[in-house]
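This report goes through one protein chain part by part. Have the sequence and the 3D view open while reading.

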Amino acid sequence: MRAPCGSGPLAPAVLAVRGAALLLALVALAHTSVRGLAEPGLALVFGLLVAAGELVRGGAAAGEREPAPLAAAGALAYALLGDSAGRPTTHGALQVIAVVVVAQALAAVPRRACGRRTDADRAARRTLTVGFAAVCFQPLYASGQAERWFGDGPWFPLFPLTVLALTALCDAVPAALLARSAARAGGPGALPPYGSLLVDEVRALAGTGVAIGATGVVTALGVAVAGPWAPAVLCGPLLLTQVSARRYTAVRTTCGQTMASLARATEIAGYTPPGHARRVAALATAVGRELGLTGPRLTVLEHAALMHDIGQLSLLDPVADGATARLPAAEQRRIALLGGAVVRRTGAGPEVAAVVEQQADPYREQPLAARIVRTVNAYDDLCGESVGGPLRALEQLRLGTGHDHQPQVVEALGRVLARGGLTQSGAG
């Protein structure tokens with residue numbers, strides 16, 4: 001999740017996250033330097049694990065939620081480590097933070113030397129997340145309080161699992177803040193509610209987050225029994241999972257590129273005005289964010305907006321300006337169904353195809369994504385027809401809210417356009 005890192009000043013949320021992480025890192029490094037490194041062998045093992053995970057991480061452009069799951073699991077395992085081969089450890093929470101910070105910094109050197117970018121915001125999040133886990137686990141374990149609460153038997157793993165659940169919720173807070181800052185940098189109207197982003201981050205934990213957390217807990221418990229050699233065995237499955245996830249992400253990227261190319265086919269063939277699909281997709285995404293859509297739901301909306309006119313390729317003669325609203329209802333329905341059939345063959349998913357297929361349905365029978373595409377498409381068509389500018393186009397959409405458009409979607413479109421300045425969307 002990238003924060004806005006352009007040429008302008010950093011957003012307050014980004015500064016807060018980075019500043020908190022920097023302060024925590026400085027305190028941890030200073031404390032560890034003065035006190036000295038406890039159990040240097042364990043520190044080296046987990047430091048190498050985090051550094052190796054960072055070196056084999058995916059690129060930020062790959063779209064992965066956590067591009068370095070091996071590093072994240074290793075850092076969590078060190079934070080949740082109590083014993084090593086049956087003997088209590090004494091490294092403490094601040095040493096955990098210091099080791100993770102140094103490992104991330106060392107891994108960044110060869111990445112930068114090879115021209116690969118580093119993600120300061122993700123590094124800051126990991127520092128805060130690991131710090132939270134270590135502060136929750138280490139003092140309670142060292143004082144014996146955790147053993148008194150959970151016992152020293154089969155119920156003890158509930159303690160690191162509880163800490164892990166709290167840590168996941170803690171990580172979602174800065175992640176949502178950074179996501180909102182990135183959305184703010186995306187342009188006018190692209191600012192989703194913080195609550196929606198927070199819910200989206202929590203939902204995302206059900207994916208790779210579960211594998212990372214489970215590997216971290218199992219690795220810590222494995223070291224407690226078998227010693228420092230356990231991570232080499234226990235983290236292998238997560239590395240294989242990372243490779244599989246990387247391939248899946250590459251397939252999704254290819255699918256997105258295919259849809260973008262197909263969307264231009266209607267423009268090249270003269271069925272829709274130049275740039276129509278791109279404009280509708282960008283504006284529909286902004287309206288979706290305005291209405292609280294995030295994550296996968298927003299991706300479905302964007303892809304459906306790109307592909308909403310693909311069914312027009314079945315027409316013998318193009319409709320003027322690509323405005324199919326003038327056609328009979330049966331013909332509109334046929335075009336929508338053909339468009340959905342094409343989308344299904346691209347691998348975009350049944351959700352995207354369903355939105356395209358329902359473009360000719362009455363808006364009260366459509367899902368929210370289809371209503372948004374319908375309204376934004378009509379707005380772009382009206383602007384292209386020179387009906388009197390964006391204000392006049394919005395006025396016509398409002399007049400059609402009783403039958404053709406959902407009032408809430410039209411008003412959300414109006415707010416997005418007002419923040420960005422009412423521009424001639426349909427002009428090329």
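A disulfide is a pair of cysteine sulfur atoms within 2.5 Å. The model discussed here is a predicted one, and the structure holds zero disulfides. Cysteine 170 shows how this comes about: the closest cysteine sulfur to its own belongs to cysteine 136 and is 7.9 Å away, which is too far for a bond. Cysteine 170 is partly exposed, at 23% relative accessibility. Cysteine 383, in contrast, is buried, with a relative accessible area of 2%.

**Overall picture**

The protein has 17 helices and two strands. It has 428 residues, and 47% of them count as buried. Its accessible surface comes to about 19600 Å², and carbon and sulfur atoms account for 64% of that surface. Contacts can also be sorted by distance along the sequence. Among contacts between residues at least 6 apart in sequence, 71% join residues at least 24 apart.

**Salt bridges**

How many salt bridges does the count come to? The count comes to 10 salt bridges, taking a side-chain nitrogen of Lys or Arg within 4 Å of a carboxyl oxygen of Asp or Glu. The table gives some of them.

| Aspartate 380 | Arginine 279 | 2.9 Å |

Arginine 18, at 25% relative accessibility, counts as partly exposed.

Next comes the salt bridge between aspartate 380 and arginine 279. This pair, too, links distant parts of the chain, with aspartate 380 in helix H15 (residues 368-384) and arginine 279 in helix H11 (residues 276-290), 101 residues apart. Aspartate 380 is buried, with a relative accessible area of 3%. Arginine 279 is also buried, at 11%.

Arginine 398 counts as partly exposed, at 37% relative accessibility. Glutamate 411 is partly exposed as well, with a relative accessible area of 36%.

**Helix H13**

Helix H13 covers residues 329-346, which makes 18 residues. From its first C-alpha to its last it reaches 26 Å, close to the 26 Å expected at 1.5 Å a residue. Where do the buried residues of H13 fall when seen down its axis? The residues concerned are Ile335, Ala336, Gly339, Gly340, Val343 and Thr346, which are buried. Seen down the axis, the buried residues of H13 fall within an arc of 140 degrees, so they line one face of the helix. On the other side of H13, Ala330 and Arg345 are exposed. Just after H13 comes glycine 347, which takes a positive phi of about 80 degrees.

**Two loops**

The loop between H1 and helix H2 (40-55) contains alanine 38. Alanine 38 is buried, with a relative accessible area of 13%. Leaving aside neighbours within four places in sequence, alanine 38 is in contact with Thr90, His91 and Gln95. Alanine 38 and threonine 89 are 51 residues apart in sequence, and their C-alpha atoms are 8.3 Å apart in space.

Glutamate 39 is found in the loop between H1 and H2 as well. Although glutamate 39 is not a glycine, it has a positive phi of about 45 degrees. Glutamate 39 is partly exposed, with a relative accessible area of 24%.

The other loop runs between strand S1 (83-84) and strand S2 (87-88), and alanine 85 is found there. Alanine 85 is not a glycine either, yet it has a positive phi of about 55 degrees. Its relative accessible area is 46%, which means that alanine 85 is partly exposed.

Technical notes:
Residues numbered from 1 in each chain as written. Predicted model: local features only at pLDDT ≥ 70, side-chain atom pairs only at ≥ 80, totals over all residues. Heavy atoms only, no water. Helix = DSSP H or I, 4+ residues; strand = E, 2+ residues; numbered from the N terminus. Expected span 1.5 Å × (residues − 1). Buried < 20%, exposed > 50% of the residue type's maximum accessible area, 1.4 Å probe, protein only. Arc of directions from axis to C-beta. Contact = heavy atoms within 4.5 Å. Areas by Shrake-Rupley, 256 points an atom, 1.4 Å probe, with all protein chains shown as cover.
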